[in-house]
Amino acid sequence: MARYRFETDEHVLFRETLRKFLAKEAIPHYDEWEKNKLIPISFWKKLGEMGFLCPQVDEAYGGLGLDFSYGVIIGEEMERVGAGLTGVGLHNDIVVPYIESFGNVEQKKRWLPDCMTGDIITGVAMTEPGTGSDLANIKTTAIKDGDYYVVNGQKTFITNGVNGNLFLVVVKTDPNAEPKHRGISLLMVEEGTLGFTKGRQLNKVGMHSQDTAELYFEECRVPAANLIGVEGKGFSYLMEKLQQERLVVALAAQTASEDMLAMTLDYVKSREAFGKPIGSFQHTQFKLAEIATKVELGKTFLESLIEDHLAGEDVVTKVSMAKYWITDTAREISADCMQLHGGYGYMEEYKIARRYRDIPVASIYAGTNEIMKMIIAKNMGLG
Ligand SMILES: Cc1cc2nc3c(=O)[nH]c(=O)nc-3n(C[C@H](O)[C@H](O)[C@H](O)COP(=O)(O)OP(=O)(O)OC[C@H]3O[C@@H](n4cnc5c(N)ncnc54)[C@H](O)[C@@H]3O)c2cc1C
């Protein structure tokens, strides 16, 4: 059955096929991946074989030429399995689109086919130990030297940092530019480039199977041919593409909320206290009625936002609203649902425990929710 108004029979079939694939290839292995703190590359390759990696890529480069509505389905179905699969959405809908939108033909021919098979796994490296929210203040430099850029600096918290082998690195090509954001450019750095090393895999509160790592650049010589778009335009490219990134994060949080509601509803119907199901207590009923209302509001808002985004409309303010509200709401829902599970909610055997650990980061990454509120306020003519 179609979930959104924009879904056609093809979307429904696509979702069913993906769901079946994940039931066989992901769900039975997910606990092990969480324990190992890594998703095997073989899984990425299987996704590629099935056409679930970057299906939006233009047919001219061997892609399926599908639009972001299919990315929505992939994002939702991955999140239904667990937040550890976030890296797939990051690759498909966040990093590869930079190559598609701003890369030249040679770059597209070089990288896109392997992005679809899983031979290339991408990441985006903006954040540094000294700066996250204040992106214009990054310190990593890339100074032109003949046909190369010499990159020096450090990045941290990089999703797909272990499995990834091609990174979109945000660098300062003009460290003295004023205003600072005019000095920012985007460089693709391939694994194996001399002077580029990966640091340790970071130990996170949640999303354990999602690999997050540090990246180091020391006198790293990157071919100038790896520059994405025009030098000095990196910040404006980021501002454009961050909208879809935030939509992807809101979508995942919404899916997590729906999952938490469903599992808690099941639980309160079967768990008994004082001789009756805990779902018969008015407090439980009111809580679940509130959660169901929030879930419905989130879904309705997201649906209209996805439609606007697909239509190419400016969604900056609304995307910031959705990212902030849906992720904060999911965090509240995770605490309420854990409470309704009683002591079992705190046990790893119950999926709510994992959801509770996994969700808070959605309020932090892709621009913190405080930054989202700053954008909303600015677009209201404040500040
Ligand atoms: C699991 C995980 C995965 C990540 N993946 C990636 C990735 O793939 N690539 C990447 O580049 N980054 C990634 N990040 C980094 C993430 O985007 C940053 O952590 C985030 O942008 C916040 O930056 P920061 O950590 O430096 O916090 P800070 O910028 O130091 O912020 C700290 C606090 O101050 C608040 N704050 C900052 N400025 C203001 C202001 N002007 N007004 C009010 N409050 C403010 C923030 O909202 C926050 O609450 C990831 C982070 C995590 C945890």
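Which residue in S7 is the bridge partner of lysine 155? It's leucine 215, and you'll meet that leucine again below. What you're looking at is a predicted model, where local features need pLDDT of at least 70, side-chain atom pairs count only at pLDDT 80 or more, and totals for chains, interfaces and linings use all residues. Residues are numbered from 1 along each chain as its sequence is written, and side-chain values use heavy atoms, with hydrogens and water left out.

**Strands and their partners**

- Helices (H or I, at least four residues) and strands (E, at least two) are DSSP runs, numbered from the N terminus; two strands pair if DSSP finds at least two bridges between them.
- Strand S3 (residues 148-159) runs antiparallel to strand S7 (residues 212-223), and nine bridges join them.
- Along that pairing, glycine 153 has phenylalanine 217 in S7 as its bridge partner.
- S7 also pairs with strand S6 (residues 196-201), again in the antiparallel sense, over four bridges.
- Here's leucine 215 again: this S7 residue is the bridge partner of lysine 198.
- S3 has an antiparallel link to strand S2 (residues 141-145) as well, made of five bridges, and lysine 144 stands opposite tyrosine 149 in S3.
- S2 and S3 make a hairpin with two residues between them, and glycine 146 in the turn has a positive phi of about 65°.

**What the UniProt record says**

- An unreviewed UniProt entry puts "domain: Acyl-CoA oxidase/dehydrogenase middle" at residues 124-220; UniProt positions are given in the numbering used here, feature names are shortened, and annotations may be inferred rather than shown by experiment.
- Residues 124-220 are 0% helix and 49% strand, with their end C-alpha atoms 17 Å apart.
- The unreviewed entry also places "domain: Acyl-CoA dehydrogenase/oxidase C-terminal" at residues 232-380.

**Around the ligand**

- Now for polar contacts, meaning pairs of N or O atoms within 3.5 Å: an N or O atom in the side chain of serine 133 is 2.6 Å from a ligand oxygen atom.
- Glutamate 370 has a polar side-chain atom 2.6 Å from an oxygen atom of the ligand, while glycine 132 uses a polar backbone atom, 3.1 Å from a ligand oxygen.
- Taken alone, the ligand exposes 970 Å², and the protein buries 65% of that (accessible areas come from the Shrake-Rupley method with a 1.4 Å probe).

- The peptide bond from glutamate 178 to proline 179 is cis, with omega near -10°, and proline 179 sits in the loop between strand S4 (166-172) and strand S5 (184-190).
- Cysteine 54 isn't a glycine, yet its phi is positive, near 50°; look for cysteine 54 in the loop between helix H3 (41-49) and helix H4 (68-81).

How values were computed: Polar contact = N/O pair within 3.5 Å; in protein donor to acceptor, adjacent residues only side chain to side chain.
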